[in-house]
Amino acid sequence: MSEKQKKATAYWKENVSYLFILLVIWFAVSFGAGILFKEALDTIKIGGFKLGFWFAQQGSIYIFVILIFVYVRLMNKLDKKYGYND
């Protein structure tokens, strides 16, 4: 295997690990906070709405948008690390 292929394989593995971690976070927030932990979160209110309802309706969307920006930042660092930032 050439050095270029090794670098590309390492880049791809790191990229997939970032994706997996970010998707786990999104799943935990959207499914966990919105469905699994809804009863516990409903004891807290934000702006008159129960926190479980808020996460199910708005929170998971906000977290998803934040995770997009985090992914862009991680990928820019990864591109620089492996020299793909042309």
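Predicted model: local features only at pLDDT ≥ 70, side-chain atom pairs only at ≥ 80, totals over all residues.

Biologist: Which element gives the most to the nonpolar patch?

Modeller: That's α3, with six residues.

Biologist: And Trp26, where does that lie?

Modeller: Trp26 lies in helix α1. Its relative accessible area is 32%, so Trp26 counts as partly exposed.

Biologist: OK, back up a bit. How many helices and strands are there in the protein?

Modeller: The protein has three helices and two strands. Going from the N terminus, the elements run α-α-β-β-α.

Biologist: What's the radius of gyration, and what would a compact globule of 86 residues have?

Modeller: The protein has 18 Å, while a compact globule of 86 residues would be near 12 Å. Along the principal axes, the C-alpha atoms fill a box of roughly 60 × 20 × 15 Å.

Biologist: What share of the residues count as buried?

Modeller: 23% of the 86 residues. The accessible surface comes to about 6500 Å², and 69% of that belongs to carbon and sulfur atoms.

Biologist: Which residues make up the largest nonpolar core?

Modeller: Five residues: Val29, Ala33, Leu41, Leu51 and Phe55. Here α1 and α3 are the elements that give two or more residues to the core.

Biologist: What does Val29 touch, not counting residues up to four places away in sequence?

Modeller: Val29 touches Gly34, Phe55, Gly59, Ser60 and Ile63.

Biologist: How far apart are Asp79 and Asn15, in sequence and in space?

Modeller: Asp79 and Asn15 are 64 residues apart in sequence and 9.9 Å apart in space, C-alpha to C-alpha. Asp79 is found in helix α3. With a relative accessibility of 17%, Asp79 counts as buried too. Apart from neighbours within four places in sequence, Asp79 is in contact with Tyr11, Tyr84 and Asn85.

Biologist: How many salt bridges does the count come to?

Modeller: Two. In one of them, the side chains of Lys81 and Glu14 meet at 3.2 Å, N to O. That pair links distant parts of the chain, with Lys81 in helix α3 and Glu14 in helix α1, 67 residues apart.

Biologist: Are those two buried or exposed?

Modeller: One of each: Lys81 is exposed, with a relative accessible area of 56%, whereas Glu14 counts as buried at 18%.

Biologist: And which side chains meet at 2.6 Å, N to O?

Modeller: Asp42 and Lys38, again in a salt bridge. Asp42 is buried, at 12% relative accessibility. Lys38 is partly exposed, with a relative accessible area of 30%.

Biologist: Last one. Among contacts between residues at least 6 apart in sequence, what share join residues at least 24 apart?

Modeller: For this protein, 60% of those contacts do.

Technical notes:
Residues numbered from 1 in each chain as written. Heavy atoms only, no water. Helix = DSSP H or I, 4+ residues; strand = E, 2+ residues; numbered from the N terminus. Buried < 20%, exposed > 50% of the residue type's maximum accessible area, 1.4 Å probe, protein only. Core = buried A, V, L, I, M, F, W, Y, C linked by side-chain atoms within 4.5 Å. Contact = heavy atoms within 4.5 Å. Rg over C-alpha atoms; globule rule 2.2 N^0.38 Å. Areas by Shrake-Rupley, 256 points an atom, 1.4 Å probe, with all protein chains shown as cover. Salt bridge = Lys/Arg side-chain N within 4 Å of Asp/Glu carboxyl O.
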